[in-house]
Structures are given as C-alpha cells and as structure tokens.
Amino acid sequence: MGAGFRRYSTYRQATVAGAFTNTVFGFLRCYVLLAVAAGAGTATVGGYDAARLATFVWFGQGLLAVVLLWGWTELADRIRTGDVVADLLRPVHPVTRYLATDLGRAGHAALTRLVPPVLVGPLFFPFYVPHRWSTVPLFVVSVVLATVLCFGCRFLVNATGYWLLDVRGPMVLWALGSGVLAGLYFPLRFLPDWVAVPLWLLTPLPSLFQTPLDVLVEVDPTPRQLWLVVLQAVWVVAILVLCHLVQRSAERRLVVQGG
Amino acid sequence: MMTVIAARELRKEFTVRVRQGRLRRARRTVAAVDGVDLAIARGEMVGYIGPNGAGKSTTLKMLTGVLTPSGGEVSVCGLSPVRQRTRLARRIGVVFGQRTQLWWDLPLRDSYDLLRHIYRVPAAEHAARLRRCRSLLDLDEFLDIPVRQLSLGQRMRGELTAALLHGPEVLFLDEPTIGLDVVSKQAVRGFLAELGAGGDVTLMLTTHDLADIEKLCRRLLVIDHGRVVHDGTIEALHARYGSRRRVVVELEEPLAAPPEVPGATLVTAGPLRLEYDLTGATAGELLARLAGLAFRDLSIVEPDIEDVVARLYTGAPVTDAP
C-alpha cells in the first residue's frame, strides 16, 4: 500500500493538474445538472434536490480519482511487454499485490484529488451536509468498497490482455459503459425503477460510484443505505473471486512476451 | 550433495499460428524446451548457454514457476515451482537482464524498503545484506535516484541487490550483463564470484557473454533446439570439440625444416614463425624439443571458448577433433 502512495506522490504536477481539471469540470457538470433539475419543474428529481445534486457533482468529481474509474492500464502494459513476469516472482499473489498498491494510490488520491473539489464546490453552490451521524462512517466504508470493486473491474478489463494482448477494445467498452452506468454523468436515480433496480442488482456498476454518493446525500433512510453498502460488499467478493480465477487461468496459458 | 534444482524430461510447447492464404491460419506446435534433464547441487555455479531461441529463458521461467511446463517433472528447493510459486519466491532470487523488477517511479532505497516488507525480512538481516551489496556494488552514489533515471549498469547493480536482499538459496540470472560496459560487467562478475565463493548460494546463469561463464562457472550446460547438448566443465567441452592450446614460436633466424614434435601438430610454418597445436604433448614437452632453436618470442594461446560454442551453435563439423 505504501508503494502505491509513494509512487503516485512522486508525480506532483500531474496531481495538481488533475485536481484543477476535476474542479473545472465540476463547474460544468454542476451547471448542467442544476439546469436539468430546474427544467423538470419539481423540487426533487429521483430524490435529488439542488443541494444534493451539487454535492453529488462535487464529491463525484473527487471520487472519480479515488476509485479511478478510468486510466489504469498498468497490468495490460506489463502483459504486453512481458514485465508481468516480475509480478509472478513476488511472494504475494498478483491480485493482492495490485490491490494493495491500488489502495495506496487511492489513499493518495483521497488526500490530493478528493479534497480540492469538495472545498471549492460549497463556495459557489448549495451543499448538502448529512443529517445522520451514521452516514459518515457508512460513506467511508462505501468509498473503500467502491475503490476495491473498481480495482477488481479494472483488473478484469486489463487481464483480457492475457488473451488479446491489445486491450484497447475492452478499455473503450469499459470507459463508455462505466461512465454512463456507474452514475458519473447523471445520478442513476433519474432512471425509472425498472432500469435502475436490475442495474444495481445484476451489475457492479452502480456500486462503483453511485452508491457512495447516494449514501452521502441521504437519498434513502438508514436501512436502505445499509442495504446498498451490503450489496457493494457482495459485489466486491464476487469480483475479487473472479479476478483470482481469471489470474489462475491466465497463468496456465501465459506466454511471456519478448523472450 | 543435495540437489537443489532437479528437472526430468522438462518440456514446454507453444502453439503458433502460421498464415496460409488470406484468411486461413494453421496451428503449429513448437517445442521451446524439449526434454531437459537437470540436477544441480547446492552451492554450484552453473552456466546455461545456447543460441537465441534455444530455450534458455523458457527453462528458467519454468524453474521459477512463471511458466507452466507442458510435460516432465521439476523441483526447486524441494518445491513444485508452479504450484508453490509464492513459497518458492521467498527462497529464490531472479534477475531478468532485459526486464526490471524494481519500482520504476521510486528510488532504489524505497524499493529495497518495500521489498523488505514484501519478503518479511527482519530489519537487521536486511540492513546487513544491503550494507554488503552497497560496498561491493558501489550503490551509494545512486541509491536515492528514481529507477527510471538510472543508467543500465546502475539499474543492473540495483536489480542484483534487489534479488539478494531476502537471502535466497538459489539465484537465477538471465543475461545479467547484457548491454553493460566493461567496468559494470567486471563489477557484476566480481560480485557474483564473491557470492559463489561462500558456497551457500546456488547460481544458474544464462548469458551470451562467455567471459561470464569462464570467470564464474565451473559447470556448463549447453542447450540447443530445446535439448541439453553438453553438460560438464568448460575443459570437457574443449576436449569434446577438439579445442587445443596453441604454442606460437617467433624465431631469430629462418629454419630450413621445422622440427616434428610427437603430440603436437604443426599448423603454421613461416620462415620466422611456427605454430603448434598441442594434441597430446604438454607445452613443456614441446619446448624441451625446441630447446636448440633461437627464440625471439614465445606465447601459449589458450583455446577460445567462443569458437567452440560458435561451432556448437551452427552445427559446423568439428574437423580437427581427436
């Protein structure tokens, strides 16, 4: 975990640029979503009022870098170059090692990428402060689960490289699918129930992004918040088991590229 | 002697697809390693050589558990490399000359610190090993520079240290001196020689630089087309492929007829220069026979292992074999 934190902390300019970009896009998204909500003509849309929407956007802009929905191709690159050999020579399972490094990275992002948009947002927009004390620890647990889950999904997309070598195709599909269906572009609560419920239950995508934000802005009462976090945990277990199975299968057929 | 590395009928096959027409592809199975037998005892330093594509790196990857063998049996430190890979990883050190195992973004010092945690090495042991490597490999000047900014020679010294900090019983080195300059090569060789002299670490080394082998390894394994074609000392290889020591005599004045010497073949007979290959006689015996001549200079040329290995690789007939 320390390795991940230290590695990412060496790229200070990238961190500053990332935080700045997230903040700028925060303004754009916030204005668009507030305009949409105003156009709907009701006080709330899918349980979201203006303060909740602004909080959803600004925390979401920070959370994006913490769960790291996109932009991780390290495993795929190492498979393509054959450097994945070094991962197999460590006395730690590759999934465990990559996960630990990713949690270190997420810790660094939580400090450097989550905080700036969350501080800037309330200066210009209404903000929703949780009313129930249980929401805060539940939100923290939900963010950790989302990070692990997102790592698992990224690992699986990268691991297609064991079979395909070039992962650009799966990566584009992942970027498109996860952006829309995880709740990055708009709160999934805007969707009708017959779409949202199967999406939550049958795919891990809403658990990556929408769930922590729903928990934070208290769209649901506590039992339902808890239920959503349990669902996240179930998805974490399922995806990590799948990662282990995929890795085991990949190792059996591994061809080390480049001699 | 306890066998640390054992393999019997070790095989690795790869499937390659060959184009046949616009859309058709035919599958072909290629044996990269084709029935290799190995038995390496504790403390041995073994050179594993062969031409490009002979199966050296593939063998090493099977011995370290990275690749799953297609057939045969293999055991390293009494463990099955693929099934018990993570356990084995604590007992072996591996350096792949063309790949880095260090963290690209971090200074060596941080990488070593992380390795201590990954391998769960007690702090005192770690510090003692690192101290030794720092002095033998001159690491101090670049210990705080990120790996991505190191020169190849510096990185290689860093890689060697990283492979040794957990005190491995077996060290696998895949072309550790590739691309290094003379000074770095000497540093790496000197370090490995010192390591081998202790007798605790078993070392298996693949290389294309035969000077590595000559300086470090008593035993030589030659692999070609996936099969071991020689297993023995360098001297045995010379004997098998007819390498001979050559005695070159420069004369003060021309000779009418160069002397015939039993056990030595005259290969060059110039007016002022004679060259004999020793085919049975010793250099001393030859010189005793030439004692009456007036020498200007005399030299003994040791057989060149590069020539022998080149003949072995190309399959050229060994015409001067005894």
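Trainee: Leaving aside neighbours within four places in sequence, which residues is A163(B) in contact with?
Mentor: A163(B) is in contact with G93(B), V94(B), V95(B), P168(B) and L171(B). Two residues are in contact if their C-beta atoms, placed from the backbone, lie within 7 Å. Before we go on, note that this is a predicted model, where local features need pLDDT of at least 70, side-chain atom pairs count only at pLDDT 80 or more, and totals for chains, interfaces and linings use all residues. Residues are numbered from 1 along each chain as its sequence is written, while chains are lettered from A and ligands numbered from 1 in the order in which they are written.

Trainee: What makes A163(B) buried?
Mentor: A residue is buried if 20 or more other C-beta atoms lie within 10 Å of its own, exposed if 12 or fewer, and partly exposed in between. A163(B) has 22 other C-beta atoms within 10 Å, so A163(B) is buried. You will find A163(B) in helix α5 (residues 152–164) of chain B. Of the 322 residues in chain B, 39% are buried.

Trainee: How many helices and strands does chain B have?
Mentor: Chain B has ten helices and 13 strands. Helices (H or I, at least four residues) and strands (E, at least two) are DSSP runs, numbered from the N terminus.

Trainee: Why are α3(A) and α7(A) called oblique to each other?
Mentor: Helix α3 (residues 50–68) of chain A and helix α7 (residues 135–159) of chain A pack at about 50°, with their axes 8 Å apart. Angles under 35 degrees count as roughly parallel, over 145 as roughly antiparallel, 65 to 115 as roughly perpendicular and the rest as oblique. The pair α3(A) and α7(A) is therefore oblique. Their contact brings together seven nonpolar residues, one polar and no charged.

Trainee: Why do β11 and β13 of chain B count as edges of their sheet?
Mentor: The open sheet has four strands in the order β11-β12-β10-β13 (chain B), with antiparallel pairing. Strands β11 (264–269) and β13 (295–301) of chain B each have a single partner strand, so one side of each is left without a neighbour in the sheet.

Trainee: How do you know that β10 and β13 of chain B pair?
Mentor: Two strands pair if DSSP finds at least two bridges between them. Six bridges join strand β10 (residues 246–251) of chain B to β13(B), and V248(B) stands opposite S299(B) in β13(B).

Trainee: How many residues of chain A are in contact with chain B?
Mentor: There are 21 residues of chain A in contact with 24 residues of chain B. On the chain A side, α1(A) gives the largest share, four residues.

Notes
Axes fitted to C-alpha atoms, helices over the stretch in contact; angles between N-to-C directions. Nonpolar A, V, L, I, M, F, W, Y, C, P; charged D, E, K, R; others polar.
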